[in-house]
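Trainee: I'd like to learn how to read a fold from its model. Can we go through one together?

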Amino acid sequence: PLKPLLGQCFQFVQGNYKYELCPFHNVTQRETVFRWNSYSGVLGIWKEWSIVNNTFAAMIMNDGDECGSDSTLRHAKVTLLCATLTEIANVSEPETCSYEIALKTPLACDKRNLNVYSRLTPVLQEEWDKIEQEFSSEDLTKRGYAKRLRQLFKVAGFVAVDEKPKIGRA
């Protein structure tokens, strides 16, 4: 649905920082003030969709550069807003190392573009229908419903497959 954004990058300057968002790739930040230790790095790399109420709600970008004394990795959430032009509307850092980016695009104006169900194969649509039926007949708890949908979204390639826990440190 948002394939026209693939391969494009959008820049935004705010204060002393220049941001560049390349949907389905990464988001970077570069300090525009020239000083000996100015920051230039990756805020996040494309991971998956945040799906809310059968809608692609936001792009999740994880595994950016280390940040802070505890080596937390920077990450960003890119929310899509309806507008006539595609451009970054705003960038904020509500918590240290955690960024929120508002991307305006006409692709977000037609809600059909953001509908998850319609992007599934017929086989996965049938599976979703079964999950919905089990949930509505109370054969599935709310937690079980959410877990089964997440698994379905993994199979569809909309969300990332959970990595195996790492034992020890390299």
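Trainee: Of the contacts in the protein with a separation of 6 or more, what share comes from residues 24 or more positions apart?

Mentor: Keep in mind that this model is predicted. Count contacts by how far apart the partners sit in the sequence. Here, 36% of the contacts with a separation of 6 or more join residues 24 or more positions apart.

Trainee: In what sense does β8 pair with β5, and with β10?

Mentor: Take each pair of strands by its bridges. Strand β8 (residues 75-82) pairs with strand β5 (residues 55-63) in the antiparallel sense over 4 bridges, with Ile 60 opposite Lys 77 of β8. With strand β10 (residues 98-105), β8 pairs in the parallel sense over 8 bridges; there, Cys 82 stands opposite Thr 105 of β10.

Trainee: How much of the protein is buried?

Mentor: Look at burial and surface together. Of the 170 residues, 35% are buried, taking that as under 20% relative accessible area. The accessible surface is about 10,800 Å², and carbon and sulfur atoms hold 52% of that. As for extent, the C-alpha atoms fill a box of roughly 60 × 50 × 25 Å along the principal axes.

Trainee: How many positive and negative side chains are there, and how far apart are the centres of the two sets?

Mentor: Count each set, then compare where they are centred. There are 21 positive and 21 negative side chains, with centres 2 Å apart.

Note on methods. Residues numbered from 1 in each chain as written. Predicted model: local features only at pLDDT ≥ 70, side-chain atom pairs only at ≥ 80, totals over all residues. Heavy atoms only, no water. Buried < 20%, exposed > 50% of the residue type's maximum accessible area, 1.4 Å probe, protein only. Contact = heavy atoms within 4.5 Å. Areas by Shrake-Rupley, 256 points an atom, 1.4 Å probe, with all protein chains shown as cover. Lys, Arg positive; Asp, Glu negative; His and termini not counted. Charge placed at Lys NZ, Arg CZ, Asp CG, Glu CD. Pairing = 2+ DSSP bridges. Helix = DSSP H or I, 4+ residues; strand = E, 2+ residues; numbered from the N terminus.
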